[in-house]
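This briefing is intended for a reader who is meeting the structure for the first time. Please consult the sequence and the three-dimensional view alongside the text.

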Number of protein chains: 2
Amino acid sequence: MPAALDFWFDFASTYSYPAAVRIGALAARADVRVRFRPFLLGPIFKAQGWTTSPFNLYPEKGRYMWRDLERLCADLDVPFRRPDPFPQNSLLAARVALVALDQGRGEAFCVALFRAQFGDGRRIDDVGVLDDVLATLQIDPSPVLAAARSDANKTRLRAQTEEAQRLGLFGAPSFTTEDGELFWGNDRLEAALRWAGGQRIESSE
Amino acid sequence: MPAALDFWFDFASTYSYPAAVRIGALAARADVRVRFRPFLLGPIFKAQGWTTSPFNLYPEKGRYMWRDLERLCADLDVPFRRPDPFPQNSLLAARVALVALDQGRGEAFCVALFRAQFGDGRRIDDVGVLDDVLATLQIDPSPVLAAARSDANKTRLRAQTEEAQRLGLFGAPSFTTEDGELFWGNDRLEAALRWAGGQRIESSE
């Protein structure tokens, strides 16, 4: 049984895009089983007193982030287009992702939806876009969207976000290991995989 | 003439410690000439409405940062001790660094002072500690401290911090290239050196 790593992301989160694009191949190489965990950053930001993305609240940080993301995508050779508006409402996307993940096609869906938003500039709060992305993956959109909107699935997403809060997550992407380590940011993906894969250090605490 | 990279740091900044420890060897390998640029984050944070480090203002982020830094230092095999208080007052340290850098011993001084604080838990606002670190490097402390406290040197540090603000810096460590790129964070050091060294990508802007 390979080691496991939880990959926490919000579809509106900019650095979750390169993380989602990269994680599949890197995890396979590290022999780590990744669990995709969509959640919502909104309630977590709200608890910190933020009403929108910190990249909007702090213009210097925002300006830097867009340029940094552009450079990262060029290095990865993946398309990049700054979404408008930003951040997008990721509620329905996260609900759909939970259902798709149950059906075993969720990881491809998540990567494709990130690309649609940050590569092609499409809106993830548009049902038509979600339909398109599902259809491209040969998934019939109607039953998935119906299940996504069910009360049970809404409750599940709320529970997932509450779990993220309990784990101390404050941003995305984040990675959590079975032994309780938290790694934050696309640039910590490799370290998180190394940790999950067994290259552990002793904590001095 | 090798390419140049400016390394901006505040002595109170946690992630500036691993960056200062790593930059010498990495820059030599990349054939990039690094210019050490101490500055003060305080005025920049104040402009964002923060009265202390964001790691204190946002406890989850702070908790994560200390654990992350501990892991990073273990990976680098450098000592780590959480400084108390945090953040420390880095004003005198930055002034002394400017003088030491003029005298050609500044880089060793900066690395040694970061180690004293984050490795040995010593206070950088304590003149005795600054004296010790200078003496360890065979630098006579008295003239350096006198020059550090001169009006001309105080003005210089202010100008350096204002330049950092003009360049759009919002945190430390940061790296700026001759062609106007900004990289933020210890985890961007390699990318900044690659950029400065000539492996440039086209901006789509």
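The points below are grouped by topic. The model is a predicted one. In the largest nonpolar core, which has 128 residues, F11(A), F109(A), F11(B) and F109(B) touch the most other members.

**Helix 5 and helix 6 of chain B**

- The axes of helix 5 (residues 91-102) and helix 6 (residues 106-118) of chain B come within 7 Å and cross at roughly 150°.
- Because of this crossing angle, helix 5 of chain B is roughly antiparallel to helix 6 of chain B, as angles over 145 degrees are counted that way.
- Helix 5 of chain B contributes A93(B), V96(B), A97(B), A100(B) and L101(B) to the contact, and helix 6 of chain B contributes G106(B), E107(B), F109(B), C110(B) and L113(B).
- Sorted by class, the residues in this contact of helix 5 with helix 6 of chain B are eight nonpolar, one polar and one charged.
- Leaving out residues up to four places away in sequence, F109(B) touches F11(B), A93(B), V96(B), A97(B), A100(B), L130(B), V133(B), L134(B) and L137(B).

**Helix 6 of chain A**

- Helix 6 of chain A (residues 106-118) has 13 residues, which at 1.5 Å a residue should span 18 Å; its end C-alpha atoms are 18 Å apart, in agreement with that expectation.
- The buried residues in helix 6 of chain A are G106(A), F109(A), C110(A), L113(A), F114(A), A116(A), Q117(A) and F118(A).
- Among the elements of chain A that cover these buried residues of helix 6 are strand 1 (3-9), helix 1 (16-30), strand 2 (32-38), helix 5 (91-102) and helix 7 (127-136).

**Prolines and cis peptide bonds**

- In chain A, A172(A) and P173(A) are joined by a cis peptide bond with omega about 0°; P173(A) is in the loop between helix 9 (151-166) and strand 3 (174-177) of chain A.
- In chain B, a cis peptide bond with omega about 0° joins A172(B) and P173(B), and P173(B) has its place in the loop between helix 9 (151-166) and strand 3 (174-177) of chain B.
- P18(A) lies in helix 1 of chain A and counts as buried because its relative accessibility is 0%.
- Apart from neighbours within four places in sequence, P18(A) is in contact with L69(A), L76(A) and N186(A).
- P18(A) and R194(A) are 176 residues apart along the chain, and 18 Å separates their C-alpha atoms.
- P85(B) is in the loop between helix 4 (59-76) and helix 5 of chain B; its relative accessibility is 32%, so P85(B) counts as partly exposed.
- From P85(B) to G119(B) there are 34 residues in sequence and 14 Å in space, taken C-alpha to C-alpha.

**Positive phi values outside glycine**

- D31(A), a residue other than glycine, has a positive phi near 55°.
- The position of D31(A) is in the loop between helix 1 and strand 2 of chain A, where its relative accessible area of 54% makes D31(A) exposed.
- Q138(B) is not a glycine either, yet its phi is positive, at about 60°.
- Q138(B) belongs to the loop between helix 7 (127-136) and helix 8 (141-148) of chain B, and it counts as exposed because its relative accessibility is 70%.

Key:
Residues are numbered from 1 along each chain as its sequence is written. Chains are lettered from A and ligands numbered from 1 in the order in which they are written. This is a predicted model: local features need pLDDT of at least 70, side-chain atom pairs count only at pLDDT 80 or more; totals for chains, interfaces and linings use all residues. Side-chain values use heavy atoms; hydrogens and water are left out. Axes are lines fitted to C-alpha atoms, for helices over the stretch in contact, and angles run from 0 to 180 degrees between N-to-C directions. Helices (H or I, at least four residues) and strands (E, at least two) are DSSP runs, numbered from the N terminus. Angles under 35 degrees count as roughly parallel, over 145 as roughly antiparallel, 65 to 115 as roughly perpendicular and the rest as oblique. Contact means heavy atoms within 4.5 Å. Ala, Val, Leu, Ile, Met, Phe, Trp, Tyr, Cys and Pro count as nonpolar, Asp, Glu, Lys and Arg as charged, and the others, Gly among them, as polar. A nonpolar core is a set of buried Ala, Val, Leu, Ile, Met, Phe, Trp, Tyr and Cys residues joined through side-chain atoms within 4.5 Å. Buried means under 20% relative accessible area, exposed over 50%, partly exposed in between (1.4 Å probe, protein chains only). The expected span of a helix is 1.5 Å times one less than its number of residues.
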